[in-house]
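Thank you all for coming this morning.

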Amino acid sequence: MKPAPFDYARAGSLEEAIGLLAAADGEARPLAGGQSLGPMLNLRIARPALLVDLSPIEELRDVSEDADGVTIGASVVHAAIEDGEVPDVTHGLMRRAAAGIAYRAVRNRGTVGGSLAHADPAGDWAPVMMALGASLGIRGPEGGRSVDADAFVTDPLTTVLEPGEIVEAIRIPRLSEGARWGHYKLCVKPGDFAESLAVVVRDADRGHCRAALAGPTHAPILLDRVAGLIAGADGWSDALAGGIKDAASGEIKAAGFADAEDRYAMNVHATAAVRAAREAFSR
């Protein structure tokens with residue numbers, strides 16, 4: 001397949017990119033790594049009138065670290081995180097997540113901001129950022145704003161981004177030395193999108209405990225009841241595992257996952273939550 005005809009512009013600055021997107025009246029799409037948008041163009045699922053290439057914009061690749069965390073530009077590629085080129089303030093969680101995305105060729109070009117903005121329901125970064133309590137810096141014609149990661153994706157392939165807005169950076173809080181995390185991704189084969197992906201972060205020193213779940217049929221969700229069980233537990237036990245599985249099942253059904261009536265799919269999601277939690281307690 002070949003894409004439908006479109007115009008192409010290379011933006012030399014963030015302001016120029018926003019201006020081009022805003023002027024297109026919703027008919028333009030930003031192009032970062034192209035690993036998600038490219039196939040959609042070829043299959044003609046996406047038919048923008050204009051592609052605005054963000055790759056020349058150096059500020060979208062900036063990384064800055066301070067005592068409270070790290071801010072990474074939206075155009076930072078997955079491989080840079082996997083290879084440790086970006087300070088990992090999460091004690092390995094970000095490197096684990098990056099290394100599990102697709103294949104190395106994809107990770108060399110795919111970007112963190114592009115993945116989040118694409119909002120594939122089985123994508124890797126949204127549940128990680130939700131569990132970490134990260135936030136996204138957004139820039140548009142009306143200026144900048146910050147959105148919590150758990151409020152960014154609203155539906156499959158849908159975010160809070162308005163026409164002309166792009167993800168500028170992601171702010172990730174620093175985990176304390178005693179923090180523990182778990183990350184469990186179930187794929188049919190390595191490199192595939194997740195059938196289920198669960199992430200648990202427990203940082204008692206900061207009073208932070210979160211569990212997030214993603215699957216192919218629904219926007220990622222926070223599992224608040226699961227997080228409550230984990231926060232209140234002194235250690236791992238069969239009883240805790242059973243409680244987490246029951247709580248996860250209930251929260252998945254309440255969220256309206258399309259496969260919630262499928263017993264196999266439900267068991268997969270609930271088991272993913274249990275295994276991510278177990279890893280968090282085993283560290």
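Before I point at anything, one term: two strands are said to pair if DSSP finds at least two bridges between them. Please also keep in mind that this is a predicted model.

With that term in hand, look at R10, whose bridge partner in β3 is D53. In general, strands of a sheet pair through backbone hydrogen bonds, and they may do so in a parallel or an antiparallel way. Here the three strands make an open sheet in the order β1-β3-β2, and the pairing is parallel. The edge strands, each pairing on one side only, are β1 (7-10) and β2 (28-31). If we ignore direction, neighbouring strands of this sheet are turned by 25° against each other on average. Across β1, β2 and β3 lies helix α1, residues 14-23, which runs at about 170° to β3.

Now to the empty spaces. Rolling a probe the size of a water molecule over the atoms shows where such space is left. What is the volume of the largest pocket? It comes to about 1200 Å³, and the pocket is lined by 49 residues, of which R29, S36, G114, A117 and H118 lie nearest its centre. The largest share of that lining, five residues, comes from α6. By class, the lining divides into 23 nonpolar, 18 polar and eight charged residues.

There is also one cavity of 30 Å³ or more, and about 60 Å³ of space lies in the largest cavity. Its lining includes S115, L116, W125 and P220, and the elements giving two or more residues to that lining are α6 (112-118) and α7 (125-132). Five nonpolar, two polar and two charged residues make up the lining of this cavity.

Note on methods:
Residues are numbered from 1 along each chain as its sequence is written. This is a predicted model: local features need pLDDT of at least 70, side-chain atom pairs count only at pLDDT 80 or more; totals for chains, interfaces and linings use all residues. Side-chain values use heavy atoms; hydrogens and water are left out. On a 1 Å grid over the protein atoms alone, a cavity is a set of points where a 1.4 Å probe fits but cannot get out, and a pocket is an open set with protein on both sides within 12 Å along at least five of seven lines; lining residues have an atom within 4 Å of a point. Grid points are joined across faces, edges and corners, and a volume is the space filled by probe spheres set on the points. Helices (H or I, at least four residues) and strands (E, at least two) are DSSP runs, numbered from the N terminus. Ala, Val, Leu, Ile, Met, Phe, Trp, Tyr, Cys and Pro count as nonpolar, Asp, Glu, Lys and Arg as charged, and the others, Gly among them, as polar. Axes are lines fitted to C-alpha atoms, for helices over the stretch in contact, and angles run from 0 to 180 degrees between N-to-C directions. Contact means heavy atoms within 4.5 Å.
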